[in-house]
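Please read the following points with the model open. They begin with a single residue and then turn to the sheet and the cores.

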Amino acid sequence: SGTMMGVSRTVVREALMLLEEDGLLLTRRGIGRFVNTVLPSPGLENLLPPEKLLSHGDSEVSLKRIDNRLQKPSDLTHELLRIGKNDESWFCESLVFRDESVIALIQEHLPAGEVLNSAAPGIAQALLDPQQQHLSVHALLMVLPGTTLGPGLCTVQAAIPGDDRGHKLGIDPNAPVMVQTQSFMLQGKPFYLAKIIITPGNPLRINQPAPGL
């Protein structure tokens, strides 16, 4: 398939990894990969912003946004957020630190343009505000006046980061990681999608619901 598409094995491997991570492919050890005929079932429904999700006990975490940009939606964001394939969407990427060590990479997606401005006025400006780069998009949405988040869905699974995400996390691309996929609605419409890629040894705080979810 790599020869047909004119891409390397690495690109094909990472594409298959992402499809499996999204629950669209199933891998049966020793047999092969198969297209999943059933949509992934929802998991945890009480969603926390990544800052709270990864904090526990007396251990505090900090966040640094490393990318904010408009892009065409992927198949996943097109499907889950109902973004037109020719419309733009926001992609925001952040690193989460405990002390000085990177413990997670967050990749967040939102619709752009009028959809964003009508549902969450001011969020586009907040995304680019230099003073807000220490907050996840999820956290920014929670403090916007007049916004009601939810309901939300979440799945958690084991995966590997691949080359790009492994480089950003500072770990081997084949190291085991935990991936939490979150999505929620805003004002009754699909609005937010995030993947939180967590390095080994960093537990999730999952027993306290976020307000409004």
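1. G201 lies in the segment after β8; strands (E, at least two residues) and helices (H or I, at least four) are DSSP runs numbered from the N terminus. This is a predicted model, in which local features need pLDDT of at least 70, side-chain atom pairs count only at pLDDT 80 or more, and totals for chains, interfaces and linings use all residues. Residues are numbered from 1 along each chain as its sequence is written, and side-chain values use heavy atoms, leaving out hydrogens and water.

2. Is G201 buried or exposed? G201 counts as exposed because its relative accessibility is 74%; exposed means over 50%, buried under 20%, and partly exposed in between, with a 1.4 Å probe and protein chains only.

3. Six strands, in the order β3-β4-β5-β8-β7-β6, form an open sheet with antiparallel pairing (strands pair if DSSP finds at least two bridges between them). The edge strands, β3 (62-71) and β6 (149-159), each pair on one side only.

4. Nine antiparallel bridges join β6 to β7 (residues 177-186). V156 stands opposite Q180 in β7.

5. The largest nonpolar core has 23 residues, and L110, I123, L127, L141, F191 and Y192 touch the most other members. Such a core is a set of buried Ala, Val, Leu, Ile, Met, Phe, Trp, Tyr and Cys residues joined through side-chain atoms within 4.5 Å. Helix α6 gives the most to this core, with four residues.

6. A second, separate core of 11 residues includes L48, V61, V96 and I196.
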